[in-house]
Amino acid sequence: MVVATSMQWRQVALCVKLNSVTGQWAMVGGEDCVGACVCVRCEQCDGTVGYGGSPDENGETTLDAMIMDGESHDVGSVGCLRQVKSAISVARSVMERTGHTLLVGELATEFAVEMGFTKEDLQTNNSRKIYTDWRNNKCQPNYWIPKINDKYRAYSVAPLYTVTAMVTVLIRRFSFQQVTPDPTSTCGPYHPLTTHSQTTPSHEYKRPPINRFNHDTIGMVVVDDGGRIACGTSTNGASHKIPGRVGDSPIVGAGCYVEKGVGGASATGDGDIMMRFLPCRVVVDKMKAGASPTSAAMEALQEIKNYYPSYGGGIIAVNVTGHYGGAYTGFPSFHYTVYNPTLGASTVVAV
């Protein structure tokens, strides 16, 4: 079976087929569950995953990806991969052809080229427009800590999954501007101030909202009929991220995690927060202790909310017996896709 964080059910369907002779479902091309994780890599999807989406502060699209084999516990990851479209295939090459776990940046691109991947421009006319519009809007929003001179300030942000309406959020702040010029009204480059100020705890700093229009991850967990399990992730991260940023997707236990004989989980949301808690590892540990996939996902999210109440994210989970579930927080809704013999087709599930 296949469980994926994204609603890209057509992409999931590409990886599984029905054998008309045996009546059994199988991975395309005779692939195992690891190969199925590579199969769903979505070239562009809705513009938030793959090439041509989520440009960084320089207008460049970079990719993160990971793949994990539950049988061997082997992992391959790439972060901030430049100029190569199939990031998860490069991650698989890291896993199968090296003794390393994670390669990043320009040197990861060099590795990909050595492995036979094509180096090409990941920008499109749409991503260039997104970048230009952002620059024309004084580079708002961004991920730099702004100047706040009082303990309380109203901050307007677009609510999740809404384009036009605005809400006012009251935010407690205890620090002053960390960089110059002021990132709330001016584009960079930015430089540190000569005087160090008190650091603002992250849970008291209002981050740009994470939603389906500026961020997404394709994460999936695959279990075959023998109980073998694997997981994979692929993303281009948050729009207008600081160049060089690597999110949670290629981090073992954060983007996804699987364990032989137990199950697996994959997550999407505010990756900078999520990687601090390794929520997918937490989910698998809780399932190992007897929790259902849904309960395990809910408990893992609550651990994050204890520190970051306004955090937005979702987790899917599945055990080796085929039971699956999901949970979310900070989003108005959350859907994931399931493909198994019982359902007989890719099915979108609302949590």
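Strand 14 (residues 263-269) and strand 15 (residues 313-319) form an antiparallel pair with 7 bridges. Strands here are DSSP runs of E of at least two residues and helices are runs of H or I of at least four residues, both numbered from the N terminus; two strands pair if DSSP finds at least two bridges between them. The structure is a predicted model, in which local features need pLDDT of at least 70 and side-chain atom pairs count only at pLDDT 80 or more, while totals for chains, interfaces and linings use all residues. Residues are numbered from 1 along each chain as its sequence is written, and side-chain values use heavy atoms, with hydrogens and water left out.

Strands of a sheet pair through backbone hydrogen bonds, either parallel or antiparallel.

Strand 14 is mostly covered, with 7 of its 7 residues buried. Buried means under 20% relative accessible area, exposed over 50%, and partly exposed in between (1.4 Å probe, protein chains only). Gly263, Ala265, Ala267 and Gly269 are buried on one side of strand 14, and Gly264, Ser266 and Thr268 are buried on the other.

The buried residues of helix 7 are Pro279, Cys280, Val282, Val283, Val284 and Met287. They pack against strand 13, strand 14, helix 6, helix 8 and strand 15, where contact means heavy atoms within 4.5 Å. Just after helix 7, Gly290 has a positive phi of about 115 degrees.

Helix 8 has 13 residues and reaches 19 Å from its first C-alpha to its last, close to the 18 Å expected at 1.5 Å a residue; the expected span is 1.5 Å times one less than the number of residues. Pro293, Ala296, Ala297, Ala300, Leu301 and Ile304 are the buried residues of helix 8. These residues lie on the same side of helix 8 because they cover an arc of only 130 degrees around the axis, the arc being that of the directions from the helix axis to the C-beta atoms. An α-helix has 3.6 residues a turn, so residues three or four places apart point the same way. The buried residues of helix 8 pack against helix 6 (271-274), helix 7, strand 15 and strand 16.

The peptide bond from Gln140 to Pro141 is cis, with omega near -5 degrees, and Pro141 lies in the loop between helix 5 (125-136) and strand 7 (152-157). Gly188 and Pro189 are also joined by a cis peptide bond, with omega about 10 degrees; Pro189 lies in the loop between strand 9 (179-180) and strand 10 (191-192). His73, in the loop between strand 4 (62-69) and strand 5 (74-82), is a residue other than glycine with a positive phi, near 65 degrees. His73 counts as partly exposed, at 38% relative accessibility. Gln83, in the loop between strand 5 and helix 3 (87-97), likewise has a positive phi near 65 degrees, and counts as partly exposed at 27% relative accessibility.

The mean pLDDT of the chain is 80, and 72% of its residues reach 70 or more; pLDDT is the predictor's confidence in each residue, from 0 to 100. Over residues 9-30 the pLDDT is below 50, and this stretch has 42 contacts in the model beyond near neighbours in sequence. Residues 149-175 also stay under 50, with 65 contacts beyond four places in sequence. Where pLDDT is low, the predicted coordinates should not be read in detail.
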